[in-house]
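Take the model below as the starting point.

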Amino acid sequence: MDDPEFVADCQTRLGLDLLSGTWTGVVLWTLQDGPLRPRELQDRIGGISHKVLTETLRRLEHNGLVVRRRYAEAPPRVEYELTGPGRGMLEPLSALGRWTERYAADVLDAQERAGSESALSGP
């Protein structure tokens, strides 16, 4: 018998793991038009703390989705830019955005129903 192929071993899981962070997709999407400094990213995104943005950028850089460029200026300037693989993530992010536009209300309704049912059943 052949070795079984496990769904958990699927390479697609890599892409899902890379996008699993709350802000990952947002940061990638915000960088689509070119390099930005961290402060510019934070201003465009809104709602993300400096600490979380820094952690997200480090994770994206570690995974090869963005490149960090430091310029020898006074004061030093740092910019982040999408790499080829990072740019390649824009297509699935766009598809996810279309899915969300189509089904967000259905998902929110289901969550609300589930919340109401658990509140009625009690602890």
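## One turn of helix H6

Trp-99 and Tyr-103 both belong to helix H6, which spans residues 90–121. They are four residues apart, so about one helical turn separates them. The model is predicted.

## The aromatic pair

The structure holds one aromatic pair. Its members are Trp-99 and Tyr-103, with ring centres 5.6 Å apart and planes at 40°.

## A charge over a ring

Another ring contact involves Arg-77 and Tyr-71. The charged end of Arg-77 sits over the Tyr-71 ring, 3.9 Å from the ring centre.

## The largest pocket

The largest pocket has a volume of about 190 Å³. Which helix supplies the largest share of its lining? Helix H6 does, with four residues. Helix H2 (24–30) and H6 each give at least two residues to the lining.

Lining residues include Leu-16, Leu-19, Ser-20, Gly-21 and Thr-22. Gly-25 and Trp-29 also line the pocket, as do Leu-93, Ser-94, Leu-96 and Gly-97. By class, the lining has five nonpolar residues, six polar and no charged. Gly counts as polar here, so Gly-21, Gly-25 and Gly-97 of the lining fall in the polar class.

Terms used. Residues are numbered from 1 along each chain as its sequence is written. This is a predicted model: local features need pLDDT of at least 70, side-chain atom pairs count only at pLDDT 80 or more; totals for chains, interfaces and linings use all residues. Side-chain values use heavy atoms; hydrogens and water are left out. Rings of Phe, Tyr and Trp (its six-membered ring) pair if their centres lie within 6.5 Å; planes under 30 degrees apart count as stacked, over 60 as edge-to-face and the rest as tilted. A charge sits over a ring if NZ of Lys or CZ of Arg is within 6 Å of the ring centre and within 35 degrees of the ring normal. On a 1 Å grid over the protein atoms alone, a cavity is a set of points where a 1.4 Å probe fits but cannot get out, and a pocket is an open set with protein on both sides within 12 Å along at least five of seven lines; lining residues have an atom within 4 Å of a point. Grid points are joined across faces, edges and corners, and a volume is the space filled by probe spheres set on the points.
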